[in-house]
2 protein chains.
Amino acid sequence: MPRSEFEIIETIFAPLATSKAALGLKDDVAILAARQGKDLILKTDAVVEGVDFLPGDPPDTIAKKALRVNLSDLAAKGAEPFGYLLTLVLRKSVRDTWLRAFARGLADDQRALGVSLLGGDMSSTPGPLTVSITALGYVPRGKAILRSGANPGDLVFVSGSIGDSGGGLDALKKKKRRPALIGRYRVPQPRLSLGQALRHVATSALDVSDGLLADLGHIAECSAVHLAVDAARVPLSAALRNAWGEGEAAVLRAATAGDDYEIAFTAPAAERGKVMAAAKATGVAVAEIGWVTKGRGVDLLDKRGRPIGVRRRGYTHF
Amino acid sequence: MPRSEFEIIETIFAPLATSKAALGLKDDVAILAARQGKDLILKTDAVVEGVDFLPGDPPDTIAKKALRVNLSDLAAKGAEPFGYLLTLVLRKSVRDTWLRAFARGLADDQRALGVSLLGGDMSSTPGPLTVSITALGYVPRGKAILRSGANPGDLVFVSGSIGDSGGGLDALKKKKRRPALIGRYRVPQPRLSLGQALRHVATSALDVSDGLLADLGHIAECSAVHLAVDAARVPLSAALRNAWGEGEAAVLRAATAGDDYEIAFTAPAAERGKVMAAAKATGVAVAEIGWVTKGRGVDLLDKRGRPIGVRRRGYTHF
């Protein structure tokens, strides 16, 4: 394919997004005025065997990942999810036990995350298993946190730790036993309560799916600002440091790995206290990792404040 | 796979449908109370290369089919569609020209059918091209036409003609030149205006996707009634009669072929005039093909009123 995914969306598909609700395809979600006083938030995302999960992954974790990558987007918008539509494209040879385990994964998550299956479709394929989900949530009208609200003077934050999922995939490929990292790759943790707590605090937010630097690039572009990220403050877990080491090389690898499903966001410097209070109230670690200035793009800075050369900002399907 | 799609949905997935909006997965759509005075209607359906369309099909017709099979469900519920979410799972080798033609197909249909792209996702696959769409529409609150409202004494109707799409697929496989039928296979015609006109008339409705007899079976089951269909009155187009001949064998083949995207519905016998007025007003042919009685199941009746043996009621993916 001759061009990047982003270019294709912008040039080929964005002209189709004639409804205001599509936000010009500039955000991860579509926002429709719906319930009295609520905006309905919709998100659709597919996971494909061999691309987003591995052929041998347990069916319950495949189900959870398919659902959670969608809920993660809702979380980053400050939405409260309530349901989802499921499209399953399965090989004809799929076993009943596989399907049951898959559904059990969904049932667990429905209880844990407060959502219900709302409808769906099943189809057959000779090729890889594909799970496509459309998730729905509500947010108080006008309170969704978009990509476009970051301002010079804001600080940059990220939840949890970055790179664990990439470390997990790496371990699986190399057949290393790193259960903490592999668990993060297979079953991401949508930061729902944190996202809702950030509704009145964050100026912009999104979930980290392509890679921290790539996704912060979306905020920079949509907000027309520059983001500086201090490499030393990008949060790496002990498990990842154990696997990938410390220092800038490990941070760079983590910040471009993708599949994190953490929330990256900006908030005014004056609101730092409220951000940390939201983190504490919801039990989710939040790290301040950088700041917003006038300009364009994202820089990852070394100890001396100099930009680190980044070859590949994150994962792209094409 | 050991069981039918319907059994799997009923036993494995329906228990997950805890929201009232899911209608227990008994209908094709989920219905959410949304806009003031409106129910939001959502439908998700995927088309897979080699299953729902052929590898050589033009990209614009693939796009249209993916969208229209979803809009057809909305039509049958009496809904007015306004948007859709698109998940594209493409080979990495996909060409720019292919994508442009695909998007052009969508653009044409957006203009013709009054919908807007609302969001989406792109992913890569080594396997067959898959297009998953979630379509959204509104219907006046409580006015969606469900599968479950048929009553003894109602008549059974179907729009347009049945079997053309099956005839088109057959022609493509046999490399015969039958453009009218092939066009019906590649680009179905969602009966949107007819569906909306039936809101206050039809007691049950759905779109014919699996096959006329299979889909009427869903109405029979959800409404807990018996449907009798007079084979001689099932509408076959001149093009199909030219390809498959006349008589019961052709009707049986047509009524189990699937992919018709016509609306099958029931209405009280006293409302026959209103049904025909709706057909006339919207310019869509409607045929009265049978009647509803107490009991269970569907029978296709021969000239003497005897049930014709049916081996396979319609298409199933598994």
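**Entry 1: S7 and S9 of chain A**

I started with the pairing of S7(A). It pairs with strand S9 (residues 263-268) of chain A in the antiparallel sense, over 4 bridges. I looked up one position in S9(A): A:Ile263 has A:Asp207 standing opposite. I note here that this is a predicted model.

**Entry 2: the sheet around that pair**

Next I traced the sheet in chain A. It is open and has 6 strands, in the order S7-S9-S6-S10-S8-S11, with mixed pairing. Which are the edge strands? I find strand S7 (204-207) and strand S11 (297-301) of chain A there, each pairing on one side only. From one strand to the next, the twist averages 25°.

I then looked for a helix lying across this sheet. Helix H10 (residues 272-282) of chain A lies across strand S6 (154-159), S9 and strand S10 (286-293) of chain A. I read its direction as about 150° to S10(A).

**Entry 3: chain A as a whole**

I counted elements next. Chain A holds 10 helices and 11 strands. Of the 318 residues in chain A, 57% are buried. I also checked the range of the contacts. Among those in chain A with a separation of 6 or more, 82% come from residues 24 or more positions apart.

**Entry 4: confidence**

I checked the predictor's confidence. Chain A has a mean pLDDT of 86, and 88% of its residues reach 70 or more. Where does chain A fall below 50? I find residues 19-23 of chain A below that value, and this stretch has 16 contacts in the model beyond near neighbours in sequence. Residues 25-33 of chain A also stay under 50, and for them the model has 35 contacts beyond four places in sequence. I treat both stretches of chain A with caution. For the complex, the predictor gives an ipTM of 0.86 and a pTM of 0.87.

**Entry 5: two domains in chain A**

I went to the domain assignment. Chain A is given domain 1 (5-140) and domain 2 (154-301).

**Entry 6: strand pairs in chain B**

I moved to chain B. S7(B) pairs with strand S9 (residues 263-268) of chain B, antiparallel, over 4 bridges. Opposite B:Ser204, I find B:Thr266 in S9(B). Are the faces of strand S7 (residues 204-207) of chain B covered or open? I find both covered: B:Ser204 and B:Leu206 are buried on one side, B:Ala205 and B:Asp207 on the other.

I then followed S10(B). Strand S6 (residues 154-159) of chain B is joined to strand S10 (residues 286-293) of chain B by 5 bridges, and the two run antiparallel. In this pair I see B:Ser159 opposite B:Val286. Strand S8 (residues 226-230) of chain B also runs antiparallel to S10(B), through 4 bridges. B:Val229 has B:Gly290 in S10(B) as its bridge partner.

**Entry 7: helix H4 of chain B**

I checked burial along helix H4 (residues 164-173) of chain B. The helix is mostly covered, with 7 of its 10 residues buried. The buried ones are B:Asp164, B:Ser165, B:Gly166, B:Gly167, B:Gly168, B:Leu169 and B:Asp170. What do they pack against? I find helix H5 (179-186), helix H8 (238-244) and helix H9 (247-255) of chain B.

**Entry 8: two positive phi values**

Just after H4(B), I stopped at B:Lys175, where phi is positive at about 55°. B:Lys175 sits in the loop between H4 and H5 of chain B. I class B:Lys175 as exposed because it has 6 C-beta neighbours inside 10 Å, and the cut-off for exposed is 12 or fewer.

B:Tyr261 also has a positive phi, near 55°, and is a residue other than glycine. I place B:Tyr261 in the loop between H9 and S9 of chain B. Is B:Tyr261 buried or exposed? I class B:Tyr261 as buried, because 26 other C-beta atoms lie within 10 Å.

**Entry 9: B:Leu117**

B:Leu117 counts as buried because it has 25 C-beta neighbours inside 10 Å. I checked B:Tyr84 against it: B:Leu117 and B:Tyr84 are 33 residues apart in sequence, yet 5.2 Å apart in space, C-alpha to C-alpha.

Technical notes:
Residues are numbered from 1 along each chain as its sequence is written. Chains are lettered from A and ligands numbered from 1 in the order in which they are written. This is a predicted model: local features need pLDDT of at least 70, side-chain atom pairs count only at pLDDT 80 or more; totals for chains, interfaces and linings use all residues. Domain bounds come from an automatic or database domain assignment. Two strands pair if DSSP finds at least two bridges between them. Axes are lines fitted to C-alpha atoms, for helices over the stretch in contact, and angles run from 0 to 180 degrees between N-to-C directions. Two residues are in contact if their C-beta atoms, placed from the backbone, lie within 7 Å. A residue is buried if 20 or more other C-beta atoms lie within 10 Å of its own, exposed if 12 or fewer, and partly exposed in between; C-beta atoms are placed from the backbone. pLDDT is the predictor's confidence in each residue, from 0 to 100.
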